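Student: I would like to go through a model with you, strand and helix packing in particular. Shall we begin?

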Amino acid sequence: MADASFKDVPELFENELTESLTARTESLSTFRELGPPDLVHVLKSTGRSGQRDLGSYHFVSGVDASSSASLAAYINSLTYNIEDDSGWFSKGTSWKVKSGCYCCFNAFSRVDVRVDVKIPGGVQAYVVDLRGERHEATPELWQETFLSALLRAILYSDDPTYWLEAYRKLDPITTSESELRFLQAAEALFMKGWQVGSDPEIQVATVVSNHLTAAIMKYFGDSGRYQHAANLLEKILAKEPEVASLLAKSYLGMNEEVKAVQIMATAIKQTPQSYTLLHVQCDFLRGKGKYDWALKLARQAVNCAPSEFVTWEKLTEIYIDMGQYENALLTLNSCPMFTYNGRDAHRSLTPARVHLPPKGAIIDILPERIKTEDDEADPALLRLPAPSLRGTWARAYSLLTRLVSQIGWDELLKTRSSVFVMEEEYRMQKAQTDGPRSAGVTKVIHEDGTVITSPQRGDSLQGAAAQKADDDASTRGVVSPTQSAPDEDGHGAGNDTDSETLANADALPTIRISTESAREQAAQDKAANGHEEAKENGVKDAPAETLEKPVQAAENSQDGEGGPAAPQEPFSFSNKRLCERWLDNLFMVLYEDLRVWTIFRAEVAHFKTQHVAYRKTGLEWEILGDLGIRLHHKEEAKEAYQRCLDTPRYSYKPWSKLLDMYADEGDIQRTLQVAVRVAAYQWGEYTEMTYPTQIARCFFKLGQIHGHAKISYSLLSMGLPESVLKIMESYLLYGRLFKVEGYDF
């Protein structure tokens with residue numbers, strides 16, 4: 001059956017004919033935003049009676065979806081791609097493509113456009129709606145489908161979190177004419193852009209915050225050709241004043257700051273409530289060091305869009321810039337968090353057979369794709385919860401790690417206890433107010449500020465249950481009114497904290513933070529890690545100290561470095577706030593990251609003093625590199641990724657991370673050496689595209705400084721095989737074709 005396969009196109013063979021089409025039809029109603037990549041299904045036949053037809057399918061992006069003819073042409077190209085293994089002396093079974101179906105999701109109208117191709121002859125185009133009913137394809141639907149396909153090709157091009165088996169990525173835009181058609185379609189459908197959804201950090205898609213605007217800014221921004229985006233946005237500005245934020249961003253990208261400031265000044269009078277415009281102004285002022293001015297704008301943006309995560313995130317960043325860490329922590333605590341919804345994907349089917357043919361000579365430089373001992377890692381590294389964070393949770397965590405990288409772990413814990421009510425403080429306050437209590441009722445102040453009267457302990461079973469819940473309250477503490485009577489008992493709404501989980505189970509793993517487990521874990525950590533050296537550059541410098549665990553229950557705060565904030569002063573809940581449960585959990589996630597990092601750096605220092613080689617598996621070095629990036633230890637992370645490359649492990653990530661690092665440093669030689677490997681991995685995964693890709697972005701970044709000619713000559717000096725050199729030169733060819741900055745020197 002091998003000769004029924006394509007030569008260099010990946011494919012998954014079906015168990016039952018057309019099962020992939022049926023599964024896609026059934027899944028149409030689950031596609032929320034841009035939809036999955038295009039599905040190509042083909043039927044192959046030998047033409048002999050009694051010989052069963054074979055059905056296979058693969059996924060593709062980058063194909064021109066402007067008409068039924070262009071989609072039919074892609075299926076027709078597959079007919080020349082079937083392997084022919086029959087020898088000259090014998091006539092083997094000859095397989096041919098009998099028919100094909102190309103499915104392309106229209107993200108604007110939420111329908112699936114399909115083209116059936118019969119070979120020889122016969123093309124039928126139709127539309128399948130969410131109920132599975134057929135309709136006629138109109139020119140308007142074709143324009144929407146064309147743009148939808150381009151958006152997927154641009155946004156899914158180098159997304160490391162989106163992976164599909166047998167997914168072929170082709171260049172979406174190869175000529176200046178096709179780029180012009182993209183701009184025309186984007187202009188025509190710009191006001192409908194909110195219909196295709198937005199990034200997971202945006203709660204409500206708007207005309208300026210959606211996948212269409214993100215794709216436009218990414219496509220032209222990665223190559224530094226902002227003038228084309230500016231020309232498009234200038235036309236739309238007359239109809240939609242909010243577009244001024246994107247236009248100003250484009251002019252700033254073109255280094256035309258005066259023009260950008262003029263646009264922002266005019267637009268803020270027309271749309272003073274546009275948080276995207278306020279954010280562009282914020283970033284501009286931060287770049288100029290005017291943090292106090294940026295702070296006012298960021299506060300205004302929060303007032304304009306209090307339900308958006310990005311406005312609170314921007315305010316937190318500015319507080320960190322200004323060194324106002326208590327305000328930063330309080331603002332982070334106020335961030336609205338959303339359930340993470342990933343990219344749309346097909347329902348996975350179990351294929352009868354998977355055909356993944358090797359793609360060109362460039363993949364010969366890659367290691368064998370087999371599982372080795374370098375694919376194993378210590379369970380403590382594999383269990384780290386931070387890599388599973390997505391969406392707003394990952395963004396909030398990055399702010400927390402930025403805080404700890406600037407002020408250290410101990411200072412972060414002090415700041416946390418100074419702005420949030422800790423359970424020890426709550427118990428002290430409760431003990432003071434338990435004595436002089438009015439008989440019969442007590443007032444319970446909940447997180448939302450509501451005051452509810454409840455019976456005293458012993459008045460009823462419900463009262464006893466409520467009191468027990470108070471005793472088990474978490475560190476989230478309470479907020480009581482400023483003028484609280486001495487006999488009021490303020491206690492929080494944190495019930496059932498044993499085995500507490502995050503509000504969104506799919507966003508973070510469960511972290512147990514009950515009273516007893518926290519004490520036991522602290523004791524175990526102390527026993528296990530008491531002899532280890534502390535982490536350099538981030539936690540503390542004292543060699544014999546261990547990492548202090550964030551207290552969740554009523555632990556003695558004197559165990560920590562700082563002790564109680566001000567034990568002599570009378571304590572009041574009125575100047576503290578509740579810590580949100582998700583932020584409490586992020587502190588525990590951060591503690592796990594820092595604990596592992598501290599142990600790792602202590603081991604490295606110990607082995608260096610002993611003049612002994614420090615060994616880890618390839619996967620362990622990769623995890624430690626990711627950990628260093630998360631904790632903002634760039635040099636240590638780079639070293640870990642470089643050590644990972646010394647192992648014969650098939651892994652794309654360390655090469656990809658190093659490519660960005662070397663490009664940021666302006667190191668041409670190392671960037672090119674790593675780029676060859678990244679290109680090999682991409683071609684091995686059937687990414688046959690030039691732009692927009694990570695390699696093109698890094699090349700164009702270097703080209704702005706050194707020029708494309710120097711990059712081209714450096715490639716020639718590497719003595720690469722002809723086929724590999726052609727692939728690497730294709731990125732520079734795109735630069736010459738579209739006149740990317742640096743192409744002419």
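Student: How many residues of strand β3 (residues 54-61) are buried?

Tutor: Eight of the eight residues in β3 are buried, so the strand is mostly covered, where buried means under 20% relative accessible area with a 1.4 Å probe, protein chains only. Strands (E, at least two residues) and helices (H or I, at least four) are DSSP runs numbered from the N terminus. This is a predicted model, in which local features need pLDDT of at least 70 and side-chain atom pairs count only at pLDDT 80 or more, while totals for chains, interfaces and linings use all residues. Residues are numbered from 1 along each chain as its sequence is written, and side-chain values use heavy atoms, leaving out hydrogens and water.

Student: Which residues of β3 point which way?

Tutor: Leu54, Ser56, His58 and Val60 point one way, while Gly55, Tyr57, Phe59 and Ser61 point the other way. In a regular strand, side chains alternate between the two faces of the sheet.

Student: In what sense does β8 pair with β3?

Tutor: Strand β8 (residues 167-170) and β3 pair in the parallel sense over three bridges. The bridge partner of Phe59 there is Tyr167.

Student: Changing topic, at what angle do α23 and α26 pack?

Tutor: Helix α23 (residues 668-684) and helix α26 (residues 722-737) pack at about 100°, with axes 11 Å apart. The axes are lines fitted to C-alpha atoms over the stretch in contact, and angles run from 0 to 180 degrees between N-to-C directions. That makes α23 roughly perpendicular to α26, a class spanning 65 to 115 degrees.

Student: Which residues meet there?

Tutor: Ala675, Val676, Ala679, Gln682 and Trp683 in α23 meet Val724, Ile727, Met728 and Tyr731 in α26, contact meaning heavy atoms within 4.5 Å.

Student: Which residues touch the most other members of the largest nonpolar core?

Tutor: Of its 101 residues, these are Phe182, Phe190, Ile216, Tyr219, Phe699 and Met728. The largest share of this core, 10 residues, comes from α23. A nonpolar core is a set of buried Ala, Val, Leu, Ile, Met, Phe, Trp, Tyr and Cys residues joined through side-chain atoms within 4.5 Å.

Conventions. Parallel < 35°, antiparallel > 145°, perpendicular 65-115°, else oblique. Buried < 20%, exposed > 50% of the residue type's maximum accessible area, 1.4 Å probe, protein only. Pairing = 2+ DSSP bridges.
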